[in-house]
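Please brief me on this model. I would like the ligand site, the chain interfaces and the fold of one chain, in short points.

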Amino acid sequence: MALEDFLGDNIFVTKLNDIASWCRKNSLWPMPFATACCGIELMATGASKHDIARFGAEAFRFSPRQCDLMIVAGRVVMKMVPVLQRIWLQMPEPKWCISMGACASSGGVFDTYSVVQGIDRFLPVDVYIPGCPPRPEQLLQAVIDLQDKIQRTGTVLGSEFDRRIRPEGPRPLALEVPQELQIVAPGNYASSNRLVPGSCHNSQANLLQGLSGLKGENLS
Amino acid sequence: MSEEFPPVLQALAEAVSAEFPGRLLSRTSFRGNLRFHVCPDKAHEILKYLKTRGGFGMLVELSAADYLQYPDAEDRYGVWYCLLDVENGRRLIVKTKANDPDPTLDSVVDLWEGANWMEREVYDMYGIVFRNHPDLRRILLPDEFVGHPLRRDYPMRGKGERHNFPVLTRAEG
Amino acid sequence: MALKLADVIAPPADVREKDYLWTLNFGPQHPATHTTLRIVLNLDGEVIVNSIPDIGFLHSGFEKLGEHLDFNQYVTIVDRMNYISPVANEIAWHHSVETLLGIDLTPRCQYIRVIFSELMRLHDHLLCVGAAALDLGAFTAFLYAFNQREKINELNEWASGQRFHPSYTRVGGLQRDIDDVWIGKLRAFIKQFPSALADVTGLLNRNRIFLDRTRDIGILTREEAINRSVTGPVARASGLVRDLRKDEPYLAYKDFDFKVVAAKEGDCLARYLVRMEEMRESIKIISQAIENLPSGPVNASVDERMVLPNQLSVYRSIEGLIHHFELFMTNRKWKPPVEEVYAATESPNGELGFYIVSDGTGTAYRARTRPPSLVHFALFNHLAQGHTISEVAPILGSLNIIAAELDR
Ligand code: SF4
């Protein structure tokens with residue numbers, strides 16, 4: 001006798017991981033980290049015509065502590081990276097990140113002194129959306145793809161994240177500028193609006209590893 | 001390509017030259033832009049005169065350029081003040097200059113409050129210091145930034161400042 | 001030399017001994033800032049004693065890029081400056097470039113540019129009003145406004161191929177001419193727009209919460225507006241009646257019959273009402289322009305070797321090909337005079353001007369933007385002092401700060 005016959009119609013059997021992922025993927029709560037033009041398309045996605053609510057992701061929350069999906073929409077510049085990282089750290093696990101638009105993914109048309117050439121150099125990213133700006137349909141597709149990914153890889157305790165202890169993005173572009181020309185902002189990290197190195201656990205090692213091309217004495 | 005100054009501005013220019021002898025260096029015009037070039041040491045007084053006597057009540061725009069690689073340029077920085085006479089709709093551009101090693105000008109915040117942030121931006125981008133400015137801090141770039149990015153000798157891709165951040169991995173946070 | 005932020009946040013001397021003042025960080029990631037602004041507020045209970053705006057969280061080096069890209073390339077960057085009214089920026093940029101080069105536009109091009117500027121005014125004001133209402137809790141008005149914005153995006157898309165950042169203008173002309181389908185779409189849009197606007201008006205104009213939270217909030221007097229270089233709808237709401245479309249007519253604005261909207265009160269409500277009324281005037285201009293649209297070419301005379309030739313002549317004739325090539329070769333391009341020029345247009349947000357310093361090459365030596373948002377955000381402390389925290393949102397909403405234009 002098969003188990004299904006025994007349990008009847010109202011009970012089904014599945015794995016705990018699957019059911020947890022199924023719940024999570026259908027109620028993503030996005031944190032709109034909207035900095036620039038892409039943010040307006042993000043608003044358009046949430047507004048009348050495109051209506052992201054159809055995919056269970058309409059509950060935009062501006063407090064990172066209530067969210068599990070960060071949508072970085074727009075370029076992130078050097079003054080904003082510490083803010084971005086801090087917000088990412090404040091989000092509870094499990095969490096995912098969508099990098100929306102050419103700027104967030106690669107710097108886009110802004111190959112200048114202040115624009116970070118892709119947030120994935122400093123932050124883990126799950127889905128990238130091309131386009132400048134991406135159409136709302138593309139954002140919806142990214143949400144669907146992310147749901148797919150959550151279903152495939154999710155575990156109930158989030159242990160799939162534990163193994164990913166190395167930076168996943170390209171290394172910082174430090175080698176682009178000759179050593180003698182580099183200015184590694186020599187300010188006081190603690191008092192400025194940058195993140196304090198070592199404030200998040202085990203980031204010190206990554207910091208030194210990621211920045212080995214830069215001058216070391218400013219990192220202490 | 002010089003156009004005639006309207007009589008009012010001509011009279012004003014004469015009055016300025018009479019009041020500040022030798023400080024009004026020249027007058028130029030191009031496609032409707034009328035410009036007074038003035039000496040930096042009396043720029044503040046001349047602007048004050050233009051505001052109180054000339055009726056130019058509004059400062060529309062204030063910014064600067066670095067003429068380092070400009071053909072036949074003599075001075076390193078040029079600063080312009082675009083003035084507007086709100087009642088009569090007249091415009092006038094006052095240009096002055098500054099030079100290394102310590103480019104300094106008098107602040108015009110006491111004349112027009114609107115100059116406050118524009119001067120801070122010029123200080124941030126070019127390093128021109130405005131004397132008597134109430135709050136001369138960097139405005140767009142972080143406080144600890146070194147250098148002035150809109151100077152011509154600053155590379156467009158920067159000097160590594162956009163790479164100087166800790167890298168977060170998936171396992172933390 | 002540079003002061004530390006901590007020194008400046010200290011309250012004015014007369015209240016310094018009151019040790020119960022506290023400091024609140026507003027932003028840079030806050031829903032009411034729409035994008036990225038940070039304001040450090042000094043509070044007495046919930047009353048704002050002093051506020052220090054801290055900007056630059058979106059400083060991406062636009063002006064530096066302007067020194068490296070030629071007159072036609074830079075238009076794609078300018079687009080991204082005020083991203084809620086992109087074509088208005090393009091028109092302003094190319095207005096300055098054409099002033100520098102001394103190009104006269106064809107009547108048809110002028111009319112099409114007028115139509116686009118006014119569409120962008122609708123685009124901007126819809127978002128400004130909708131988002132300001134959203135911050136005050138009126139979500140429906142936001143949905144109605146975005147519905148109309150989608151329609152304008154479709155018009156952009158049909159005309160240029162991109163719905164959000166069309167990069168539609170070129171030196172001396174446009175990327176391409178508009179066609180009859182587009183005109184039909186525009187007519188349909190004009191027809192339904194007034195009733196949609198009436199919906200938004202109906203939701204807000206007699207809405208008690210909206211009125212209470214905007215009336216007499218953030219008052220700007222005419223004298224202060226002049227002193228603080230304010231332009232555009234914010235200035236007109238304070239009784240400073242200046243509109244470059246009337247005062248220094250550029251493009252074909254002198255052909256049209258429209259009114260300059262102004263108010264006396266200078267509070268958030270007045271700024272909202274001025275914007276709503278301006279949309280009605282814009283629709284009037286668009287309908288006049290589309291009915292009287294001149295025929296003829298959209299690009300200025302090709303003989304001057306400044307305007308890109310059209311696609312057909314590039315593919316079919318040797319002159320066209322050479323000409324196209326010349327404008328794209330790095331050592332040819334345009335030959336502007338070695339001069340500098342400031343030219344401004346009335347963008348939806350205020351006076352948007354470009355100061356171009358040219359060294360005789362096809363690339364600007366210095367491309368300075370005169371950003372209305374920077375000037376308007378500098379007002380913030382003046383407007384917010386003495387109000388409560390909850391009034392920060394309506395003040396920000398009524399000033400319509402666009403972070404990318406603010407920080408460039
Ligand atoms: S990708 Fe394009 S639309 Fe998005 S923020 Fe960057 S410039 Fe703006």
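The points below go from the ligand to the interfaces and then to chain A.

This is a predicted model: local features need pLDDT of at least 70, side-chain atom pairs count only at pLDDT 80 or more, and totals for chains, interfaces and linings use all residues. Residues are numbered from 1 along each chain as its sequence is written, chains are lettered from A and ligands numbered from 1 in the order in which they are written, and side-chain values use heavy atoms, with hydrogens and water left out. The ligand sits between chains A and C. Chain C is in contact with chain B and also with chain A.

**Ligand site**

- The ligand is surrounded by 14 residues, where a residue counts as near if one of its heavy atoms lies within 4 Å.
- Cys37(A), Cys38(A), Ala102(A), Cys103(A) and Cys132(A) are the closest.
- Helix H3 (37-46) and helix H5 (101-106) of chain A are the elements that give two or more residues to this shell.
- H5(A) gives the largest share, 3 residues.
- Helices (H or I, at least four residues) and strands (E, at least two) are DSSP runs, numbered from the N terminus.
- By class, the shell has 8 nonpolar, 4 polar and 2 charged residues.
- Ala, Val, Leu, Ile, Met, Phe, Trp, Tyr, Cys and Pro count as nonpolar; Asp, Glu, Lys and Arg count as charged; the others, Gly among them, count as polar.

**Interface of chains C and B**

- Here 53 residues of chain C are in contact (heavy atoms within 4.5 Å) with 53 residues of chain B.
- The buried area is about 4500 Å², and carbon and sulfur atoms give 57% of that.
- Buried area is the accessible area (1.4 Å probe) that two parts lose on being put together, summed over both.
- On the chain C side, Lys64(C), Tyr355(C) and Tyr365(C) lose the most area to chain B, together 15% of what that side buries.
- The rule finds 8 salt bridges across this interface, each a side-chain nitrogen of Lys or Arg within 4 Å of a carboxyl oxygen of Asp or Glu.
- Arg368(C) pairs with Glu121(B) in a salt bridge, with the closest N and O atoms 3.3 Å apart.
- The side of chain C that touches chain B has 28 nonpolar, 9 polar and 16 charged residues.

**Interface of chains C and A**

- Chain C gives 38 residues to this contact and chain A gives 33 residues.
- About 3000 Å² is buried, 65% of it from carbon and sulfur atoms.
- In chain C, Gln29(C), Phe57(C) and Arg163(C) lose the most area to chain A, together 20% of what that side buries.
- The rule finds 3 salt bridges here.
- Arg135(A) and Glu157(C) form a salt bridge at 2.7 Å, N to O.
- H6(C) supplies the largest share of the chain C side, 9 residues.

**Fold of chain A**

- Chain A has 7 helices and 4 strands.
- Along the sequence, the pattern is α-α-β-α-β-α-β-α-β-α-α.
- Of its 220 residues, 50% count as buried, meaning under 20% relative accessible area (1.4 Å probe, protein chains only).
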